[in-house]
Amino acid sequence: MTILQNRNKQVVRRPYTSTPNLTITIHTQPKTHHMTTTSFSQTIPLAAAFFAASVLSAAAAISTFDIDAEGWSAVGDIASPATFSAAGGNPGGYISIDDAVTGGTTYFVAPAKFLGDQSASYATPFTFDLRQSYPGAGDQFDNVDIFLVGAGLTLVFDTALNPPNNVWTSYSAPLTETAGWRIDSLSGAPSQAQMQNVLGNVTSLRLRAEFQTGSDTGSLDNVNLVPEPSCSILLLSGAFLTLLRRSSRVRERSA
Ligand SMILES: [Ca+2]
Ligand SMILES: [Ca+2]
(Lines give C-alpha, C1' and ligand atoms only; values in the text may rest on other atoms or scores of the structure.)
(Ligands and ions follow the chains in the order given, each with its own letter.)
Protein backbone atom coordinates (compact mmCIF):
# COMPACT_ATOMS: atom_id res chain seq x y z
CA MET A 1 0.00 0.00 0.00
CA THR A 2 1.34 3.43 -0.87
CA ILE A 3 0.42 6.78 0.61
CA LEU A 4 0.47 9.88 -1.56
CA GLN A 5 0.05 13.38 -0.23
CA ASN A 6 -0.94 16.65 -1.81
CA ARG A 7 -1.84 20.04 -0.45
CA ASN A 8 -5.28 19.14 0.86
CA LYS A 9 -5.47 15.44 1.27
CA GLN A 10 -3.81 12.09 1.65
CA VAL A 11 -4.66 9.41 -0.86
CA VAL A 12 -4.01 5.79 0.03
CA ARG A 13 -3.95 3.29 -2.77
CA ARG A 14 -3.58 -0.48 -2.63
CA PRO A 15 -1.36 -1.36 -5.64
CA TYR A 16 -3.11 -4.56 -6.83
CA THR A 17 -3.30 -4.57 -10.61
CA SER A 18 -6.01 -7.24 -10.72
CA THR A 19 -8.51 -5.36 -8.59
CA PRO A 20 -9.63 -1.73 -8.52
CA ASN A 21 -7.46 0.58 -6.47
CA LEU A 22 -8.64 1.15 -2.94
CA THR A 23 -8.71 4.90 -2.39
CA ILE A 24 -9.39 6.65 0.89
CA THR A 25 -9.34 10.39 1.30
CA ILE A 26 -8.67 12.15 4.58
CA HIS A 27 -8.55 15.94 4.72
CA THR A 28 -5.41 17.06 6.50
CA GLN A 29 -5.51 20.86 6.24
CA PRO A 30 -8.83 21.87 7.76
CA LYS A 31 -9.59 25.44 8.69
CA THR A 32 -10.33 24.53 12.31
CA HIS A 33 -9.92 21.69 14.76
CA HIS A 34 -13.68 21.07 14.67
CA MET A 35 -13.73 20.71 10.89
CA THR A 36 -10.90 18.16 11.00
CA THR A 37 -12.82 15.88 13.34
CA THR A 38 -16.01 16.14 11.29
CA SER A 39 -14.23 15.43 8.02
CA PHE A 40 -12.50 12.36 9.37
CA SER A 41 -15.65 10.94 10.94
CA GLN A 42 -17.47 11.31 7.64
CA THR A 43 -14.70 9.58 5.77
CA ILE A 44 -14.46 6.47 7.97
CA PRO A 45 -17.82 4.90 6.94
CA LEU A 46 -16.93 5.33 3.26
CA ALA A 47 -13.50 3.79 3.84
CA ALA A 48 -15.10 0.92 5.78
CA ALA A 49 -17.41 0.26 2.83
CA PHE A 50 -14.41 0.12 0.49
CA PHE A 51 -12.65 -2.26 2.88
CA ALA A 52 -15.70 -4.53 3.11
CA ALA A 53 -16.04 -4.60 -0.68
CA SER A 54 -12.35 -5.40 -1.00
CA VAL A 55 -12.60 -8.33 1.42
CA LEU A 56 -15.67 -9.69 -0.34
CA SER A 57 -14.06 -9.39 -3.79
CA ALA A 58 -11.16 -11.53 -2.56
CA ALA A 59 -13.38 -14.28 -1.14
CA ALA A 60 -11.19 -17.31 -0.65
CA ALA A 61 -11.62 -20.72 -2.28
CA ILE A 62 -10.84 -23.04 0.63
CA SER A 63 -11.28 -26.73 1.38
CA THR A 64 -10.69 -27.92 4.93
CA PHE A 65 -12.93 -31.00 4.58
CA ASP A 66 -14.76 -30.40 7.84
CA ILE A 67 -17.86 -32.42 6.92
CA ASP A 68 -17.33 -34.03 3.50
CA ALA A 69 -15.11 -34.21 0.39
CA GLU A 70 -16.43 -30.79 -0.78
CA GLY A 71 -16.81 -32.02 -4.36
CA TRP A 72 -13.17 -33.06 -4.86
CA SER A 73 -12.66 -36.09 -7.12
CA ALA A 74 -9.76 -38.26 -8.28
CA VAL A 75 -8.10 -39.23 -11.58
CA GLY A 76 -5.28 -41.57 -12.60
CA ASP A 77 -4.94 -45.21 -11.64
CA ILE A 78 -7.19 -44.81 -8.65
CA ALA A 79 -8.45 -47.73 -6.57
CA SER A 80 -11.50 -45.72 -5.48
CA PRO A 81 -12.90 -42.18 -5.68
CA ALA A 82 -11.54 -39.49 -3.38
CA THR A 83 -12.48 -40.75 0.09
CA PHE A 84 -13.52 -38.48 2.95
CA SER A 85 -12.34 -39.21 6.49
CA ALA A 86 -13.77 -37.20 9.39
CA ALA A 87 -10.62 -37.38 11.53
CA GLY A 88 -6.89 -37.71 11.04
CA GLY A 89 -6.51 -34.59 8.89
CA ASN A 90 -4.46 -31.49 9.69
CA PRO A 91 -6.66 -31.11 11.68
CA GLY A 92 -10.11 -32.73 11.41
CA GLY A 93 -11.41 -34.14 8.16
CA TYR A 94 -9.45 -34.76 4.98
CA ILE A 95 -9.66 -36.70 1.71
CA SER A 96 -7.46 -39.46 0.36
CA ILE A 97 -6.82 -41.55 -2.76
CA ASP A 98 -5.65 -45.17 -2.80
CA ASP A 99 -3.32 -46.12 -5.66
CA ALA A 100 -4.49 -49.06 -7.79
CA VAL A 101 -0.86 -49.69 -8.84
CA THR A 102 -1.74 -50.22 -12.47
CA GLY A 103 0.46 -47.49 -13.89
CA GLY A 104 -0.07 -43.75 -14.12
CA THR A 105 -0.19 -41.21 -11.30
CA THR A 106 -3.18 -40.33 -9.14
CA TYR A 107 -4.30 -36.71 -8.71
CA PHE A 108 -6.88 -34.85 -6.64
CA VAL A 109 -9.25 -32.85 -8.87
CA ALA A 110 -10.55 -29.54 -7.52
CA PRO A 111 -14.30 -28.75 -7.55
CA ALA A 112 -15.98 -25.77 -9.21
CA LYS A 113 -15.29 -23.25 -6.44
CA PHE A 114 -11.58 -23.33 -7.38
CA LEU A 115 -12.34 -22.77 -11.07
CA GLY A 116 -13.49 -19.82 -13.16
CA ASP A 117 -12.27 -16.29 -12.45
CA GLN A 118 -9.58 -16.60 -9.77
CA SER A 119 -7.70 -13.48 -10.87
CA ALA A 120 -7.79 -12.11 -7.30
CA SER A 121 -5.35 -14.88 -6.36
CA TYR A 122 -2.59 -13.55 -8.63
CA ALA A 123 0.64 -12.98 -6.67
CA THR A 124 -0.72 -14.78 -3.61
CA PRO A 125 0.51 -18.16 -2.32
CA PHE A 126 -1.57 -21.19 -3.29
CA THR A 127 -1.28 -23.43 -0.24
CA PHE A 128 -2.29 -26.98 0.64
CA ASP A 129 -1.28 -29.85 2.95
CA LEU A 130 -0.30 -33.31 1.65
CA ARG A 131 0.47 -36.60 3.30
CA GLN A 132 1.54 -39.85 1.71
CA SER A 133 1.37 -43.25 3.39
CA TYR A 134 3.11 -46.36 2.09
CA PRO A 135 4.27 -49.65 3.57
CA GLY A 136 7.89 -50.73 3.68
CA ALA A 137 10.83 -48.82 2.26
CA GLY A 138 10.56 -45.68 0.17
CA ASP A 139 10.68 -45.89 -3.63
CA GLN A 140 9.78 -42.36 -4.58
CA PHE A 141 9.39 -40.89 -8.05
CA ASP A 142 9.13 -37.36 -9.39
CA ASN A 143 6.25 -35.94 -11.39
CA VAL A 144 4.20 -32.80 -11.85
CA ASP A 145 2.72 -31.79 -8.48
CA ILE A 146 0.18 -29.17 -9.62
CA PHE A 147 -1.70 -28.81 -12.90
CA LEU A 148 -3.32 -25.39 -13.36
CA VAL A 149 -5.26 -25.17 -16.62
CA GLY A 150 -7.02 -22.21 -18.16
CA ALA A 151 -7.21 -19.87 -21.13
CA GLY A 152 -5.83 -22.59 -23.41
CA LEU A 153 -2.70 -23.07 -21.32
CA THR A 154 -1.58 -25.85 -18.98
CA LEU A 155 0.72 -24.60 -16.24
CA VAL A 156 2.62 -27.13 -14.15
CA PHE A 157 4.47 -26.80 -10.84
CA ASP A 158 7.01 -29.16 -9.32
CA THR A 159 7.44 -28.86 -5.56
CA ALA A 160 10.95 -29.32 -4.19
CA LEU A 161 10.27 -32.33 -1.97
CA ASN A 162 7.72 -35.12 -1.66
CA PRO A 163 5.96 -35.30 1.71
CA PRO A 164 7.61 -37.65 4.23
CA ASN A 165 5.82 -40.93 4.89
CA ASN A 166 2.81 -40.49 7.21
CA VAL A 167 3.54 -36.83 7.96
CA TRP A 168 1.31 -33.92 6.99
CA THR A 169 3.39 -31.40 5.03
CA SER A 170 2.38 -27.87 4.02
CA TYR A 171 3.12 -26.61 0.53
CA SER A 172 3.01 -23.15 -1.00
CA ALA A 173 3.08 -22.35 -4.70
CA PRO A 174 3.15 -18.58 -5.30
CA LEU A 175 0.84 -17.64 -8.15
CA THR A 176 3.33 -15.54 -10.07
CA GLU A 177 5.14 -16.10 -13.34
CA THR A 178 8.53 -16.16 -11.55
CA ALA A 179 7.66 -18.79 -8.91
CA GLY A 180 8.62 -21.87 -10.93
CA TRP A 181 5.50 -22.50 -13.01
CA ARG A 182 6.13 -23.97 -16.45
CA ILE A 183 4.01 -24.37 -19.56
CA ASP A 184 3.25 -28.02 -20.44
CA SER A 185 6.27 -29.36 -18.52
CA LEU A 186 8.55 -28.57 -21.48
CA SER A 187 8.38 -24.88 -22.24
CA GLY A 188 9.64 -21.99 -20.20
CA ALA A 189 7.92 -19.92 -17.56
CA PRO A 190 4.66 -18.18 -18.45
CA SER A 191 4.62 -14.44 -18.97
CA GLN A 192 2.78 -12.24 -16.48
CA ALA A 193 -0.08 -11.94 -18.97
CA GLN A 194 -0.26 -15.72 -19.44
CA MET A 195 -0.26 -16.28 -15.67
CA GLN A 196 -3.05 -13.76 -15.20
CA ASN A 197 -5.02 -15.14 -18.17
CA VAL A 198 -4.93 -18.65 -16.71
CA LEU A 199 -6.07 -17.37 -13.30
CA GLY A 200 -8.79 -15.34 -15.01
CA ASN A 201 -10.48 -18.48 -16.32
CA VAL A 202 -9.32 -21.62 -14.52
CA THR A 203 -10.82 -24.76 -16.10
CA SER A 204 -8.92 -27.45 -14.17
CA LEU A 205 -6.84 -27.69 -11.00
CA ARG A 206 -5.21 -30.98 -9.99
CA LEU A 207 -2.89 -31.85 -7.10
CA ARG A 208 -0.63 -34.89 -7.10
CA ALA A 209 -1.72 -37.69 -4.76
CA GLU A 210 0.93 -40.34 -5.50
CA PHE A 211 4.68 -40.22 -4.86
CA GLN A 212 5.64 -43.85 -4.32
CA THR A 213 6.17 -46.69 -6.78
CA GLY A 214 3.91 -49.49 -5.61
CA SER A 215 1.02 -49.33 -3.15
CA ASP A 216 0.41 -45.99 -1.41
CA THR A 217 -2.27 -43.55 -0.28
CA GLY A 218 -2.23 -39.78 -0.84
CA SER A 219 -4.10 -37.45 1.51
CA LEU A 220 -5.10 -33.78 1.14
CA ASP A 221 -6.23 -31.04 3.54
CA ASN A 222 -6.31 -27.23 3.87
CA VAL A 223 -6.41 -26.16 0.23
CA ASN A 224 -6.41 -22.36 -0.01
CA LEU A 225 -6.40 -20.62 -3.37
CA VAL A 226 -6.49 -17.04 -2.11
CA PRO A 227 -5.68 -15.54 1.29
CA GLU A 228 -8.33 -16.07 3.89
CA PRO A 229 -10.50 -13.02 4.57
CA SER A 230 -9.10 -12.87 8.09
CA CYS A 231 -5.65 -12.18 6.59
CA SER A 232 -7.06 -9.37 4.47
CA ILE A 233 -8.83 -7.93 7.49
CA LEU A 234 -5.57 -7.92 9.43
CA LEU A 235 -3.84 -6.02 6.63
CA LEU A 236 -6.71 -3.58 6.34
CA SER A 237 -6.81 -3.12 10.11
CA GLY A 238 -3.16 -2.13 9.96
CA ALA A 239 -3.97 0.43 7.31
CA PHE A 240 -6.78 1.82 9.46
CA LEU A 241 -4.47 2.19 12.45
CA THR A 242 -1.94 4.05 10.32
CA LEU A 243 -4.64 6.42 9.09
CA LEU A 244 -5.96 6.99 12.61
CA ARG A 245 -2.48 7.81 13.91
CA ARG A 246 -1.84 10.23 11.04
CA SER A 247 -5.20 11.90 11.61
CA SER A 248 -4.49 12.20 15.32
CA ARG A 249 -1.15 13.89 14.62
CA VAL A 250 -2.82 16.28 12.19
CA ARG A 251 -5.44 17.23 14.78
CA GLU A 252 -2.76 17.80 17.41
CA ARG A 253 -0.86 20.14 15.07
CA SER A 254 -4.12 21.96 14.22
CA ALA A 255 -5.18 22.40 17.82
CA1 LIG B 1 -9.16 -30.68 7.72
CA1 LIG C 1 2.10 -45.68 -6.13
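Two strands pair if DSSP finds at least two bridges between them, and the strands themselves, like the helices, are DSSP runs numbered from the N terminus (H or I over at least four residues for helices, E over at least two for strands). With that in hand, welcome to a predicted model in which local features need pLDDT of at least 70, side-chain atom pairs count only at pLDDT 80 or more, and totals for chains, interfaces and linings use all residues. Residues are numbered from 1 along each chain as its sequence is written, while chains are lettered from A and ligands numbered from 1 in the order in which they are written. The chain holds three helices and 15 strands.

**Overall picture**
- Of the 255 residues in the chain, 30% count as buried; a residue is buried if 20 or more other C-beta atoms lie within 10 Å of its own, exposed if 12 or fewer, and partly exposed in between, with C-beta atoms placed from the backbone.
- Among the chain's contacts with a separation of 6 or more, 71% are between residues 24 or more positions apart; a contact means that the C-beta atoms, placed from the backbone, lie within 7 Å.

**The six-stranded sheet**
- An open sheet of six strands runs in the order β5-β8-β14-β10-β11-β13, with antiparallel pairing.
- Its edge strands are β5 and β13 (182-183), each of which pairs on one side only.
- Strand β14 (residues 202-208) has five of its seven residues buried, so it is largely enclosed by the rest of the structure.
- On one pairing, β8 (residues 107-109) joins β14 through three antiparallel bridges, with Phe108 opposite Leu207.
- Another pairing links β10 (residues 146-150) to β14 by five antiparallel bridges, and Gly150 has Val202 as its bridge partner.
- β5 and β8 are also antiparallel, over three bridges, and here Ala74 partners Phe108.

- Met195, Val198 and Leu199 are buried in helix α2 (residues 192-200).
- Seen down the axis of α2, these buried residues fall within an arc of 95 degrees, so they line one face of the helix; the arc is that of the directions from the helix axis to the C-beta atoms.
- The cover over the buried residues of α2 includes β10, β11 (153-157) and β14.
- The largest nonpolar core has 38 residues, and those with the most contacts inside it are Ala82, Ile95, Phe108, Ala209 and Leu220; such a core is a set of buried Ala, Val, Leu, Ile, Met, Phe, Trp, Tyr and Cys residues joined through C-beta atoms within 7 Å.
- Elements giving two or more residues to this core include β8, α2 and β14.
- Beyond its neighbours within four places in sequence, Ala209 contacts residues including Ala74, Phe108 and Leu220.

**Loops worth a look**
- Asp77 sits in the loop between β5 (73-75) and β6 (83-85) and is partly exposed, with 15 other C-beta atoms within 10 Å.
- Asp77 and Ala100 are 23 residues apart in sequence and 5.5 Å apart in space, C-alpha to C-alpha.
- A cis peptide bond joins Asn90 and Pro91, with omega about 5 degrees; Pro91 lies in the loop between β6 and β7.
- Phe65, in the loop between β4 (62-63) and β5, has a positive phi near 55 degrees and is buried, with 23 other C-beta atoms within 10 Å.
- Ala151, in the loop between β10 and β11, also has a positive phi near 55 degrees, but Ala151 is partly exposed, with 16 other C-beta atoms within 10 Å.

Technical notes:
Contact = placed C-beta atoms within 7 Å.
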